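Please keep the sequence and the model in view while reading.

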Amino acid sequence: MDLEARSLQPNVKTMLLAKLREYKSDLNNLKSEVKRIASGNINPDARDQLLESGMADALTASTNQRSRLVMATERLNQSSDRIRDSRRTMLETEELGVSILQDLHSQRQALLHANNTLHGVDDNIGKSKRILTAMSRRMNRNKWIIGIIIAVLIITIAAVLYFKRVK
């Protein structure tokens, strides 16, 4: 880092070099503190500070740690219970969703069957309409033919009667 800071522009270089010196001094202080702690020459105040910021008695620190551990265990158990409840709810929801999907599938099949039946009925109605239209046309044609035949017969009868009287 020192080499990189020295290769930068002068205005940035001075600021970075100052920070680097500060970081080096902090690192040296931390190293000396680690050596002091590792050597076992810890004064009682530092020991108390390490054992829970001002607690003079190791038994009190142990009790406090135990109570924190019990609280953490209770929170963990509560979280586990919530996870179990959530999982159960998720499974119930999944079962409900599967049931709904099955119902929807059966309803879809019923609708498709009804649609096919309706198309068949529609086709049959169309055929019936064509047949009835053809029958209606034939009926009208037959009425006209019968009407014409009746008219011809009446005219023929009238002509025969007329010629019989004239003779």
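## A partly exposed isoleucine and its helix

At 42% relative accessibility, Ile145 counts as partly exposed, a class lying between buried (under 20% relative accessible area) and exposed (over 50%), with a 1.4 Å probe and protein chains only. Ile145 is found in helix α4, which covers residues 58-166; helices here are DSSP runs (H or I, at least four residues), and strands are runs of E (at least two), numbered from the N terminus.

The model is predicted, so that local features need pLDDT of at least 70 and side-chain atom pairs count only at pLDDT 80 or more, whereas totals for chains, interfaces and linings use all residues. Residues are numbered from 1 along each chain as its sequence is written, and side-chain values use heavy atoms, with hydrogens and water left out.

Confidence is expressed as pLDDT, the predictor's confidence in each residue, from 0 to 100. The chain averages 86, and 86% of the residues score at least 70. Among the elements of the chain, α4 has the highest mean pLDDT (93), and helix α3 (residues 44-50) has the lowest (59).

Ile145 belongs to a nonpolar surface patch together with Ile149, Leu153, Ile157 and Leu161, and the accessible area of the patch is about 480 Å². Such patches are made of residues with over 30% relative accessible area and no salt bridge, nonpolar side chains (Val, Leu, Ile, Met, Phe, Trp, Tyr) being joined within 5 Å and like charges within 9 Å. Accessible areas come from the Shrake-Rupley method with a 1.4 Å probe, and for residues only the protein chains shown count as cover.

The unreviewed UniProt entry annotates residues 144-163 as "transmembrane region"; such annotations may be inferred rather than shown by experiment. Over residues 144-163 the chain is 100% helix and 0% strand, with the end C-alpha atoms 28 Å apart.

Side chains of opposite charge can pair when their charged atoms come close. A salt bridge is a side-chain nitrogen of Lys or Arg within 4 Å of a carboxyl oxygen of Asp or Glu, and by this rule the count comes to 2.

| Salt bridge | Closest N to O distance |
|---|---|
| Asp81 and Arg84 | 2.6 Å |

Asp81 and Arg84 both lie in helix α4, 3 residues apart, about one turn of the helix. Asp81 is partly exposed at 38% relative accessibility, while Arg84 is exposed at 52%. Asp85 and Arg88 are likewise 3 residues apart in α4; Asp85 is partly exposed at 37%, and Arg88 is partly exposed at 43%.
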